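My notes follow in the order I looked things up.

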Amino acid sequence: MTYVLGSADMRAGDAQACATMGADALMKAAGIQIAAFVRARYPEGGRIVALAGPGNNGGDAFAALAELDPRYERVVYAAASPQASPARIAAQERARDAGVATQPFPQTPDDAHAAVDGAALAIDALFGTGARLPIDASYAAALDVLDARERPVLAIDIPSGIDADTGAVAERAVRASFTIALAAAKPGLLIEAGRERVGELYVADIGIAPSILASHEHAYAALDDRAFLALLPKRSACGDKRAAGAPLVIAGSEQFPGAAALASRAAGRAGAGYVTLATAAAAAPAVRNHLLETVVVGISADDGPKQVVEDLLDMAKRSSAIAIGPGLALNQRAGEIVCGIIEQATLPIVADASALFHLAKHLDIARGKRIVITPHEGEFARLSGLGTIASGQRVARLREFVDRTGITTLLKGRDTLIYDGTTMHVNVTGTNALATAGSGDVLTGIIASLLSQGLSPLDAARCGAYWHGLAGQVCKRLRAVGTLAGDLPEALADALPSEREPNGLTRLF
């Protein structure tokens, strides 16, 4: 699994590892992993330039360039380091012996541009996780020139100018093409606005024992491919169709039949063996034309809400999870049905879209339930009662809401967050292709399917978000423009990652 550690916990973990392995061994291991990445990306060689700060982040650059052979023109522009650690000094000596050139650190914009001129790759090794923002003005020229919009930039551990714990971005900060986090991902790499400057994110195994990483507080967590596959339910060799997952999807209206179809299709494609859709009778004929394998039950507009709730609860006796909300009406009758189901059902529930509109004034009925809600920011503003989320406040606002209500919540966004009151889970998959109508309905169906197969609300949410994001990535590769929500369920199988053993680098996004 991929560990996510804040800066203080990472420093403590480093100290523990240094006590057993030695700081020099850790820095050398970091250099080996970084150099392997450079060789894989630039096998023909080229000019590799590192801008190295005064600390061990700069030492990692020396360690990396020392591992590259002479087909690479290797230059480190190094800031003065009067209190260099023994590990950094050893890395500098290895680099010197390997033919790496060392030059004075650039102080002016002209000098900084001259330093990286013609570079195949520029390496940001200024500060790492130990930076205090804002960074001293003497590094302004170096920060400005490390911009992926002008040339490829590799950041070691974290792009300089990003707060490792919060993702806050200083006025001057590096924009990387690639970032290699050492030993563990840092929260600031996963959370906006820092995430926008990370580029492709990798985590490098530098030899710190998993027991050390696991021993520290984990306020954040993120799935990687292996952890996702381990979490994904496996069908029994002898189970029947209902045992494979039997979600009841309560969705759709005459105006929005597509939401019901998308959620139901996604539930089936995510592995459920028997999907039942309860939808408005006026929508049922259209939906049946798109769902040959789903049992579609029409809800008469003439039935009162209490009768509808009774009928739905009876259907739920033959189901193993409930999805409620996509495409439902916003009138009082629909609200009574939504609240009646959430209050009385004993099955695990995923609630989205219209269900969130109705739930907003009755959050108390969800407390203590096996439920996950999946709002986007606009829906969350209404649910929380605290209005629009200010920039940089997603984590704090989500924590406050869940701690107050006890409702496991998936807050959609570029950095989708899932929180149940313990650990903040950050989803690392996805693409802007998911910004299309109906995409959230597909996510609801996936989560309902995973709930019906036995996952907890938290695990179904984080596993569903990860898979949904992978499907979006597959769709974008197949169709650069014009991905539709209906493409996503059909991509779920192809989106499953292989179970390859990691080679020391784990890609998160």
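I started with H18 (457-478) and H19 (487-495), which pack at an angle of about 100° with axes 8 Å apart. Helices here (H or I, at least four residues) and strands (E, at least two) are DSSP runs numbered from the N terminus. The axes are lines fitted to C-alpha atoms, for helices over the stretch in contact, and angles run from 0 to 180 degrees between N-to-C directions. That angle makes H18 roughly perpendicular to H19; under 35 degrees would count as roughly parallel, over 145 as roughly antiparallel, 65 to 115 is roughly perpendicular and the rest is oblique.

Next I listed who touches whom, with contact meaning heavy atoms within 4.5 Å. From H18 I get Trp 467, His 468, Leu 470, Ala 471, Gly 472, Val 474 and Cys 475, and they meet Asp 487, Leu 488, Ala 491, Leu 492, Asp 494 and Ala 495 of H19. I sorted this contact by class and got 9 nonpolar, 2 polar and 2 charged residues. For the classes, Ala, Val, Leu, Ile, Met, Phe, Trp, Tyr, Cys and Pro are nonpolar, Asp, Glu, Lys and Arg are charged, and the others, Gly among them, are polar.

A note on the source: this is a predicted model, so local features need pLDDT of at least 70 and side-chain atom pairs count only at pLDDT 80 or more, while totals for chains, interfaces and linings use all residues. Residues are numbered from 1 along each chain as its sequence is written, and side-chain values use heavy atoms, with hydrogens and water left out.

I then went to H1 (residues 7-21) and H2 (residues 23-41), which pack at about 110° with axes 7 Å apart. This pair is roughly perpendicular too, H1 to H2. Asp 14, Ala 17, Cys 18 and Met 21 of H1 make the contact with Ala 23, Ala 25 and Leu 26 of H2. I count 6 nonpolar, no polar and 1 charged residues there.

Points are joined across faces, edges and corners, and a volume is the space filled by probe spheres set on them.

How big is the largest pocket? It comes to about 1300 Å³. Of its 46 lining residues, Asp 225, Leu 505, Thr 506, Arg 507 and Leu 508 lie nearest the centre. H18 turns up again, giving the largest share of that lining, 5 residues. The lining splits into 21 nonpolar, 12 polar and 13 charged residues.

Arg 462 and Tyr 466 are among its lining residues.

Last, the backbone. I noted a cis peptide bond joining Leu 133 and Pro 134, omega about -5°, and another from Glu 192 to Ala 193, omega near 10°. Ala 183 has a positive phi of about 75° although it is not a glycine.

Technical notes. On a 1 Å grid over the protein atoms alone, a cavity is a set of points where a 1.4 Å probe fits but cannot get out, and a pocket is an open set with protein on both sides within 12 Å along at least five of seven lines; lining residues have an atom within 4 Å of a point.
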